[in-house]
Amino acid sequence: MSDVLIKLDKLTKIFHTDEVETHALSNISFTINKGEYVSISGPSGCGKSTLLSLLGLLDTASKGSYVLAGHDVSDISKVDRARIRNRQIGFIFQSFNLISDLDVEENVELPLTYRSDLDSKQRKKMVKDALEKVDMGHRAKHFPSQLSGGQQQRIAVARAIAGNPAIILADEPTGNLDSKNAEGVLALLDKLHAEGATICMVTHDSRSAMRTQRKIELLDGVILADIKTSNREKVAIMAEVKKIAEEVNV
Amino acid sequence: MMIINDLKYALRLLSKKPGFTLLTTLVMAAGIGLSIYLFSFFHTIVFKAMPFKDSDTLIQVSSSQNAAKMGSPINLHDYYEIRTKLKGVSEFGAYRTANLNVSGRDGARRYSGVLAEPNIFRLTRTKPLMGREFSNESNRVGAENVVVIGYDMWKNQFSGDPDIIDKSVRINSESYKIIGVMPEGYLFPSNTALWLPLREDATQISRVNSGNVVGLGHLKEGVTTEHLNPQVGLIMQRIAQQYPETNSDISAYLSSIQGADENGIEVIYTMHIIAILILILASINVGNLLLSRAIERGKETAIRVALGAPRSRLISQMLWESILICVIGAIIGIIILIWGLDVTEEYTKGFFPDKPPFWWIFGIDGYAVKMLVTFILGTIIVTGLLPAWKNSSVDFNAVLRDGTRGALGKKAGRLNSFLIISEIFVSMTVLIAATAMMVGNFKATRADYGAITENVLTAEILLTESKYTTPEKQAKFVKSIQSRLENTVGIGDVMIASALPGALTTTPAIALEGKEYNENKGYPRANYIVVTPNSLEKLGVELIQGRYFNSGDDGLDKSTVIVTDSFAHRHFGKSSVLGKRIRTAELDGDSPKWLTIVGVVEHTIQGPSYGEKGKVPSVFRPFSQAPRNQLTIAMQVKTDRKEATKSLRQTLLSIDSELPAFRIEEYQESLTRHTKAMLFITSIFFLFGVAAVILATSGIYGVMSNAINQRTHETGVKRALGATEGRITKEFLMTGIKQLLWGGIPGLLAGSAMGFAMSSILSISIGDLASVAIGLFVIIGGTVIVATYIPTKRALKLEPSDALRHE
């Protein structure tokens, strides 16, 4: 069985606004293997969020092909896209995107309720497991507004992993957090990766990107670099993180 | 200075979006205009004080039957009893309306007159313009004939003669001395042209022979009609025990002259509630539109807060928009109102055979201004405070940072739910009440009175007591005019009756042979009508059993009667009634005169078709057996109305030159008068109904659409998590249905309760009400579903990635 989870081939996204044609992404080709921890970085407007939307089947490409877990998903129906998002992809957003009317437990359970193969008991167990993984089991009955930003993002992580997706897509997961909470969330992602999760993270923070195994850099909709992060760089980053953490008394 | 800046800013914002401004202003104009119109209309006709001092304490004593307020006069003896025993009312007086024939150089004319006790003018705190009022002596039986005339009669009939006092005028073929002229505009109690002394003393006349009067009086300080009516009820109860033949089921009550305590007041209060609900509906709609704008301007508000704007300043700035919309809306509303009241004044003249009550003057008065100010303030609060509060309490830091949406939406969601549920509740209540009233009114206007009315001209004639002194003379006159008219070219059948179907008549107590009556089981009542032979047949009142009257029934010594099937069913069940005997309960003499039933005809409605009056059964007597001095002639017109009218006048002149025919009109026209007010109110309700439908459907759609639009981002999150479009649509529809049930069921109950309150007045059955309620629930439900489905589909058109970025 192949280790390739995602394979993009000449993926292109063009936006049409009035008479202006904007090439957000041009001929993007790469693969992501199972268990890989990949970052996509680049300056604002380079197309990284668009790429993540395409990877998450939140949008459709104008051209090119996208194979996910061995299936071509470039041109599938909306219902199939929804089903794949639900079963195979876990999302973590910059602004958490928790539903304010639902408590923590219900938020985490939400994607599981869209599945017909799980009964309530199974769902409750999966929610409990996910919350324990992010150390938020004690907050199950709280509402998002009663939690700090860091805690909300942990809940969002729990929601992303509750259904055991094939890949976790994180869009600037630390963008709305202070350094202390950001470190907590990144440490959580590290832990999930160590446990075997495939993660693809969009970030403009170079230190966050350095913590991943592989760094894809975009500029003006094309891949500028696709490099493995060396252990030496990683160690340096982690040392720096440790130093900062000690300073802020993490 | 700040206020001017805020005002300028609000004006700039409104001028930037002219479509929005026009829409919101017109919605408020409709809401305020319609509501004030209705309040003003009913204030004028029901609650407005009459234009003289102490009118607020002036009350009248009227009769009720089987606890239903009839608004009709009471027996003179009953009035005397109440006057003697009732505490809490001072300055008792009494009057009776009468049609009076006043002879002049160019023939006799009929006027609306009043026969009154001497204190009638003192009761209304009004002195004659010229001359004097009645003395106690003038009210004595046998005293000199005197009359006080109205200003219009003085000006028109006597050319404003300054020496009119002590001159003579012939009224009902007798000479009267004019002793006074009342001031311009004084037409008390309603539209009176002249006043005569009543000259009836209860101590000198038997209960059977005494006429009916309307009692008047002033409430003493601190006393209300609610306090006194139980006392009046007890007095009347004792009279009924003593005189069951005349007073069984009869009682009396005190009320204001304008009729604020009469039957039908429930309908008027219901209409007031509906007007308020329409205004609330309009305000919610405008409030919702302003709320959407406030949400759109969230970022701008956040910038202002970041720059140090205090919350009060933000609220005041946003309130200016509401103030401008409501005030401009009110100005447009007032223009519509002035026009509407002008039209109303003209139209309401048709409610009455003569003139409307003299205090019915429609226009912008102090009350309307007071209501206008109240409504404007209320609408500013409802439309402005909500968006102002919502926007000024926003977490400006979060808005400026463009994030943490997750923690912000709960309050907004609740607010939207509240708006939607309120909108559904108000719409449902208004529409059910308005539709129920329209159904009731429609049925009333389509009622079958039991007679053929096409091409029939009617006229009334009052035989003067001084000339037609005996029943034989009255019967002879009737025979003569009927035969002469029937032989006139252009006139077909001629029918003569004391009251045609559709007209009100007396309802004496009736005794059935073989039945025991005591004070606990009262005598039944029926409309008592006299007709000439064959009149019923010619009128098209269908014979069900037996026969119509014929010449064999002629004569005072005969005693036959025809009853309606409603009378037969009510009192004899399914058994045949022919040959059975009935009589009027009251005895004038020692021996009762039993009447044999010779025929049964279909039910005829006497009076308005709606309410209890239309259900009262009738008995008919031949004219020659029980002659009357007040007659209605109905003629089938073969050529044209003018010719027939001319022929009638000439025929009358040839029989008696001092006898005028009055209220000459088409039969259908006189029937329409019963329902004209109803038709008018139905039209108003139709207008309210249309306004309610437009406001409700557009409002529900607007609020729903706004609510769903605000949840576009949430929709994006759910779709990112794997929710299908079908699932999202189902979720929104379920939410919509829940809101429909939360708002719709209480609205259905409230609207049905209002409809039920009106059902006793209008012809609204429980079945009608249930059909209306269910039908409207389905319509509102359909609106909610459409209003949910369309915006949901629109929101789902966005790719999830776009929905996640949606502001």
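Which residues of α2(A) are buried? Before the answer, a word on the model itself, which is predicted, so that local features need pLDDT of at least 70 and side-chain atom pairs count only at pLDDT 80 or more, while totals for chains, interfaces and linings use all residues. Residues are numbered from 1 along each chain as its sequence is written, and chains are lettered from A and ligands numbered from 1 in the order in which they are written.

The buried residues of α2(A) are Arg81(A), Ala82(A), Ile84(A), Arg85(A), Asn86(A) and Gln88(A), where buried describes a residue with 20 or more other C-beta atoms within 10 Å of its own, exposed one with 12 or fewer, and partly exposed one in between, the C-beta atoms being placed from the backbone. Helices (H or I, at least four residues) and strands (E, at least two) are DSSP runs numbered from the N terminus. The cover over these residues of α2(A) includes β4 (63-68), β6 (89-92), α3 and β7 (167-171) of chain A, together with α19 (712-720) of chain B.

Chain A as a whole has eight helices and 10 strands, and 48% of its 250 residues count as buried. Six of the strands form an open sheet with mixed pairing, in the order β6-β7-β8-β3-β9-β10 (chain A), where two strands pair if DSSP finds at least two bridges between them. The edge strands, each pairing on one side only, are β6 and β10 (222-228) of chain A. Within this sheet, β3(A) and strand β8 (residues 199-202) of chain A run parallel and are joined by four bridges, with Ser39(A) standing opposite Met201(A) in β8(A).

Tyr37(A) is found in strand β3 (residues 37-41) of chain A, and Tyr37(A) is buried because 21 other C-beta atoms lie within 10 Å. Leaving aside neighbours within four places in sequence, Tyr37(A) is in contact with His193(A), Ile199(A), Thr212(A) and Gln213(A). Tyr37(A) and Lys215(A) are 178 residues apart in sequence, yet 8.9 Å apart in space, C-alpha to C-alpha.

In chain B, five of the five residues of strand β21 (residues 618-622) are buried, so β21(B) is largely enclosed by the rest of the structure. Both faces are covered, with Ser618(B), Phe620(B) and Pro622(B) on one side and Val619(B) and Arg621(B) on the other. Strand β16 (residues 527-531) of chain B pairs with β21(B) in the parallel sense over five bridges, whereas strand β18 (residues 560-564) of chain B runs antiparallel to β21(B) and is joined to it by two bridges. Phe620(B) is the bridge partner of Ile529(B), and Ile562(B) also stands opposite Phe620(B).

Methods
Contact = placed C-beta atoms within 7 Å.
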